[in-house]
Amino acid sequence: MVTIKDVAKSANVSTSTVSHVINNDRYVSPAIREKVELVIKQLNYTPSAIARSLKSNKTYTIGMLVTASNNPFFSEVVQGVERSCYELGYNLILCSTEGDHQRMLDNIEHLLQKRVDGLLAMCTETYSIPKQIFARYPKLPIVMMDWKPFDGMCDIIQDNSFFGAMIATQYLIKQNYKQIACITGPLNNTQAQSRLQGYRQAMQDANLEILRKYEAQGDFQFASGIVAMQNLLELSIPPQAVFCSNDAMAIGAYQALYQNGLEAGKDIAIIGYDDIEIAQYMTPPLTTIHQPKEELGQLAVETLLNRFHNPTDSLHTLTLTPTLIKRLSA
């Protein structure tokens, strides 16, 4: 295999000069640069990424850990991260743990052995990064996305779930619905709790009665939306409208309505949360709360790289503002 020494010898220059030509980090006369580039082309030399990373202490690689969920929201955020990494000249190593705690620990070790420049993590409370990871690798830049497990440990980018749930419920109220239900996420989840509290606050502000039987618990997965909606339909007085704490459960609610000969937007209003891509293609198209997933991915990468270059800066918590997307289901 051709080395940098072979290039230097053939071009009759020092290895440092070849390095400066490759990295473009110091002035090299046009004549010497042209000669070195010609030799590189003739010898078909490719710089060693490992050697360059050892010298610069940068691998231009970011690790991303996704702990659980078949929710399309996660994959759409990952797409935003991948696009941002590519535009900034970084590679992305993606690890999905599927809720396996040991697999998560193994994946973290794997990423650190690859000498990633930083770690992005999308976790749930049930399958969170252990706190000791932050203590064990204090210099590793880490950004938590969509949820904060520990205060004062790393940079955080999150959605304003309370506000998003409020504007969803307020929209239903403005449509003159009085009997409004909420399909929640798992109640040990911070985002699920925030969305439930936002729903309750909007109902309270409108002086509408909050019925506990109208709060049906799900788990952010498609199937739980079916079960929760079915339970609401079996009440003696079913709700007129339902706020679903994410789009996956809203799609499940659609299925429950279909199984009972009912239609979203016609018999019962449905509003979701996340604005995943398929929401606009539902029948009828799903009214939902839009999370800026592309912005979330881009901001996460930029925040991570800023932490890498400025490790002593104060920690940041960045909150993205959700918006209402009006379609035909509510």
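Predicted model: local features only at pLDDT ≥ 70, side-chain atom pairs only at ≥ 80, totals over all residues.
Local features need a pLDDT of at least 70 and side-chain atom pairs count only at pLDDT 80 or more, while totals for chains, interfaces and linings use all residues. Residues are numbered from 1 along each chain as its sequence is written, and side-chain values use heavy atoms, with hydrogens and water left out.

Let's start with the overall layout. The protein chain splits into domain 1 (4-47), domain 2 (59-160 + 293-320) and domain 3 (161-290), with bounds that come from an automatic or database domain assignment. Taken over C-alpha atoms, the centres of domain 2 and domain 3 are 29 Å apart. Their contact (heavy atoms within 4.5 Å) takes 13 residues from domain 2 and 20 residues from domain 3.

Now for the inside. The largest nonpolar core has 68 residues; such a core is a set of buried Ala, Val, Leu, Ile, Met, Phe, Trp, Tyr and Cys residues joined through side-chain atoms within 4.5 Å. Buried here means under 20% relative accessible area, exposed means over 50%, and partly exposed is in between (1.4 Å probe, protein chains only). Among the residues with the most contacts inside this core are Leu120, Met145 and Phe243. Helix α11 (residues 247-259) gives the largest share, 7 residues. Domain 2 and domain 3 both supply residues to this core, so it lies between them. There is also a second, separate core of 16 residues, which includes Leu65 and Met104.

Phenylalanine 243 deserves a look of its own. Leaving aside neighbours within four places in sequence, its contacts include Ala165, Leu172, Ile183, Tyr199 and Tyr273.

Next, find helices α2 (residues 15-23) and α3 (residues 30-43), whose axes come within 10 Å and cross at roughly 85°. That makes α2 roughly perpendicular to α3, a label for angles of 65 to 115 degrees. Residues of α2 such as Thr17 and Val21 are part of a group that meets a set in α3 including Ile32 and Glu37.

Finally, some loop details. Threonine 283 and proline 284 are joined by a cis peptide bond, with omega about -5°, and proline 284 sits in the loop between β9 (269-271) and β10 (288-290). Asparagine 176 isn't a glycine, yet has a positive phi of about 70°; you'll find asparagine 176 in the loop between α8 (161-174) and β6 (180-184). At 60% relative accessibility, asparagine 176 counts as exposed.

Terms used:
Axes fitted to C-alpha atoms, helices over the stretch in contact; angles between N-to-C directions. Helix = DSSP H or I, 4+ residues; strand = E, 2+ residues; numbered from the N terminus. Parallel < 35°, antiparallel > 145°, perpendicular 65-115°, else oblique.
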